[in-house]
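Please keep the structure in view while reading.

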Amino acid sequence: MSFALDPRLAADSIAVGDFTLSQLRLMDDARFPWLILVPRIAGARELIDLDEGDRASLLSEVTIV
């Protein structure tokens with residue numbers, strides 16, 4: 001299974017850039033500067049779905065953002 005961004009999230013947000021593990025997206029909502037990191041891991045829905053190394057990578061990317 002390969003990673004596929006949910007079509008609704010793709011329609012409601014704008015790609016800003018890429019990190020090693022995840023894609024940085026900006027929600028299309030002028031009321032809030034809402035950034036989202038989307039790990040490019042097939043089937044992952046929650047933080048607990050990532051293995052220990054991917055969780056550490058994601059948390060490092062969160063710190064950078």
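## Strands and their pairing

Two strands are said to pair if DSSP finds at least two bridges between them. Helices (H or I, at least four residues) and strands (E, at least two) are DSSP runs, numbered from the N terminus. The model is a predicted one, in which local features need pLDDT of at least 70 and side-chain atom pairs count only at pLDDT 80 or more, while totals for chains, interfaces and linings use all residues. Residues are numbered from 1 along each chain as its sequence is written, and side-chain values use heavy atoms, with hydrogens and water left out.

Five bridges connect E2 with E3, and these two strands run antiparallel. One of the pairs across them is leucine 26 with leucine 35 in E3. On the other pairing, E1 is joined to strand E2 (residues 22-27) by five bridges, again antiparallel. Here alanine 15 has arginine 25 in E2 as its bridge partner, and glycine 17 stands opposite leucine 24. Three residues lie between E1 and E2, which form a hairpin.

## The sheet and the helix

Together the three strands make an open antiparallel sheet in the order E1-E2-E3. E1 and strand E3 (35-39) are the edge strands, each pairing on one side only. Neighbouring strands are turned against each other by 30 degrees on average, direction ignored; axes are lines fitted to C-alpha atoms, for helices over the stretch in contact (heavy atoms within 4.5 Å), and angles run from 0 to 180 degrees between N-to-C directions.

Helix H2 (residues 52-64) lies across E2 and E3, at about 160 degrees to E3. Because five of its six residues are buried, E2 is largely enclosed by the rest of the structure. Buried means under 20% relative accessible area, exposed over 50%, and partly exposed in between (1.4 Å probe, protein chains only).

## Salt bridges

How many salt bridges does a search of the whole structure find? There are two, a salt bridge being a side-chain nitrogen of Lys or Arg within 4 Å of a carboxyl oxygen of Asp or Glu. Side chains of opposite charge can pair when their charged atoms come close.

In one of them, arginine 40 meets aspartate 18 at 3.1 Å, N to O. Arginine 40 lies in the loop between E3 and H2 and aspartate 18 in strand E1, so the pair ties together parts 22 residues apart in sequence. Arginine 40 is partly exposed, at 31% relative accessibility, whereas aspartate 18 is exposed at 56%.

Aspartate 29 forms a salt bridge with arginine 31, their closest N and O atoms being 2.8 Å apart. Arginine 31 is exposed, with a relative accessible area of 63%.
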